[in-house]
Amino acid sequence: MAPPITPVAPDARTRAARQGLHRGETRSALLYLVPAGVVLVGLLAYPLYQLVVISLYDYGQPQAAGAAPLVFLGFENYVSLLGDPRFWDVLAATVLFAAVCVGGSLLVGTALAVLATRASPWARKLLFLAALGAWATPAMAGSYVWLFLFDQDFGLVNEVLSTLGLAVDGHSWTFGRFSAFGLVAGEIIWCSFPFVMVTMYAGISAIPREVVEAAALDGASATRTATSVLLPILRPLIAIATVQSTIWDFKVFTQIYVMTNGGGVAGQNLVLNVFAYQEAFAGQRYGLGAAIGVVMTVLLMLITVVYLRIRR
Amino acid sequence: MRRRAANAACVLIAAAVAFPLYWMVLAALKPPGEIQSADPRPWTLAPSLDSFRRVLDVQNFGLYFVNSLVVALLVVALSLVAAFLAAVALTRFRFRGRTVLLVMLLVAQMVPVEALTIPLFFLMRSFGEVVPAVGLNQLGSLVLVHLAFSLPFAIWMLRGFVAAVPVELEEAAALDGASRFRFTWRVLFPLVAPGLVAASVLSFIHAWNDFLFARTFLISGTDNRTLPLGLLVFFKPEEQDWGAIMAGATLMTVPVLVFFVVVQRHLVSGLGGALKG
């Protein structure tokens, strides 16, 4: 604010000016907010509301085509979903699968971050460059590369295994439920451990050298230093990496859809997100699909709330 | 001694992590006969661009590449303008309800957009009846949804950059007779360029990598396919042309790799958290 130049009733002047400014500000602020506001309300808030609405209706192909009237079901979609053993199976598979992916990424990422702190700068740069490459690879491209590596007939893995005399020719990695899930988990860990590694490396490098030296002077062993000194310092970072990875891995779609060809043999590799998609767009049960979407949103929101609690 | 062991481990692990990418590019460059051979070799003596030619010419991947690029660049351009304006309003203007808006912006970042495919599908269908360019099977529908998905984080990030520009600068500009609008575009906009670059890279990668919404919205017609969808349709369960699929995957990966190298410096400083989605 420029200082008032005229000595005449400065108080009244500035107040009036401020009020005028304020009114003008609200108007221009609204103007500046319009483009983003329209898009966010129309394409984020409204669809979120619609998701809940659709989940309360019997919404099938006739309704989608406008050939039959909508029938309000209330919570019937949810009742039939919760009564469906398939849903519980998919939910359990999703939780277990996400847990394996998160655990794997954390373990690999943290171990490599520790390794990076012990290596020379050139070796560390090399490791980070490779990790950056895996991180940057689009899920779609990564899925196909891993499928190719593990291909039944022309894959490198089968080739190497059969040269070693370990596997029969033409073993299919995507046929069995656990082996297919394992293959997808491998791809996901491959492209998501770099995030953990970079985060943990930043955390470890930020720990002052004196802390470790003080522990050593006090006679603490390396293990004891790691568990009683370093781990507590890094705990918030570990929590952030865990929750962030959980959010990503819980709603995975591309890798499962591509690598198991839409959810595996007889839907054995379905996870929630793919299940919702298949129910809605393949089975044309949009109401039921929306109910799965609501369940997924609520679960993810809960995880996010935990996340924000930790971050604060 | 221990350092040497750590270095050796680093090199070995780096090689293992990079190996799938190497294998992808290698398979894309191998002549067709070598891929189908019974013992794959980790090198090729006769690199050829046959596979690239096959996907680009015969399979129309050139068009899909351009489609993906158009969607991603439109999302970047539109989201930058909208996010910048919103960020300016939220940092530089005082008005009632600002705090409420900021909280809503935080909540918006939590919404798992993947769950919104069903309502968005019907919304795009209705849009198409009014404005065909943003309806189903059109690239416009993808631009719209990715614009919405990238805005909350872009606004949030730009807010910090706008706030870092001192208010005195604005007062000086006002004294020099510059209008607020002029100041915003001529002074503020160039000053927050680093933030704009970071935000645009994120928007670009999200739009470029998207498979779910392309799969949902582009149901018929082949001219508007994006790269991920083109790859999916091209992949046949039994008789795969792995060379061509790897060529397509390479085409998809290279632009993102380039972008990642551009922002790698920011990756550690918290920005990385939002990258993979």
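Helices in this account are DSSP runs of H or I at least four residues long, numbered from the N terminus. With that in mind, the reader can turn to this predicted model and begin with residues 100-123 of chain B, a stretch that is 75% helix and 0% strand and whose end C-alpha atoms are 27 Å apart. The stretch 100-123 is one of those to which UniProt, in an unreviewed entry, gives the feature "transmembrane region", the others in chain B being 61-88, 143-167, 187-208 and 242-263. Residues 143-167 of chain B, also in that record, are 88% helix and 0% strand, with end C-alpha atoms 35 Å apart.

Two packed helices are described by the angle between their axes and the distance between the axes. In chain B, helix α7 (residues 139-163) and helix α10 (residues 193-209) have axes that come within 9 Å and cross at roughly 160°. Angles over 145 degrees count as roughly antiparallel, and α7(B) is therefore roughly antiparallel to α10(B). The crossing in which α7(B) passes α10(B) is right-handed. On the side of α7(B), the contact is made by B:His146, B:Phe149, B:Ser150, B:Phe153, B:Ala154, B:Met157, B:Leu158 and B:Phe161, while α10(B) contributes B:Pro194, B:Gly195, B:Ala198, B:Ala199, B:Leu202, B:Ser203, B:His206 and B:Ala207. Sorted by class, this contact of α7(B) with α10(B) holds 11 nonpolar and five polar residues, and no charged ones.

The contact of α5(A) with α8(A) consists of nine nonpolar residues, with no polar and no charged ones.

The next step is to see how the chains meet. In all, 75 residues of chain B are in contact with 74 residues of chain A. On the side of chain B that touches chain A, the elements giving two or more residues are α1 (2-29), α4 (61-92), α5 (98-110), α6 (117-130), α7, α11 (212-217), α12 and α13 (242-267) of chain B. Among these, α1(B) supplies the largest share, 16 residues. The residues on this side of chain B divide into 56 nonpolar, 10 polar and nine charged.

The last stop is the backbone in two loops. Most residues other than glycine have a negative phi, and most peptide bonds are trans. In chain B, by contrast, B:Asn60 has a positive phi, near 70°, and its place is in the loop between α3 (50-58) and α4. B:Asn60 counts as partly exposed because it has 16 C-beta neighbours inside 10 Å. In chain A, A:Asn261 also has a positive phi, near 55°, and is found in the loop between α11 (254-259) and α12 (272-282) of chain A. A:Asn261 has 16 other C-beta atoms within 10 Å and is therefore partly exposed.

Terms used. Residues numbered from 1 in each chain as written. Chains lettered and ligands numbered in written order. Predicted model: local features only at pLDDT ≥ 70, side-chain atom pairs only at ≥ 80, totals over all residues. Axes fitted to C-alpha atoms, helices over the stretch in contact; angles between N-to-C directions. Parallel < 35°, antiparallel > 145°, perpendicular 65-115°, else oblique. Left-handed = near helix turned anticlockwise from the far one by under 90°. Contact = placed C-beta atoms within 7 Å. Nonpolar A, V, L, I, M, F, W, Y, C, P; charged D, E, K, R; others polar. UniProt positions renumbered as here; feature names shortened; annotations may be inferred. Buried ≥ 20, exposed ≤ 12 C-beta atoms within 10 Å, placed from the backbone.
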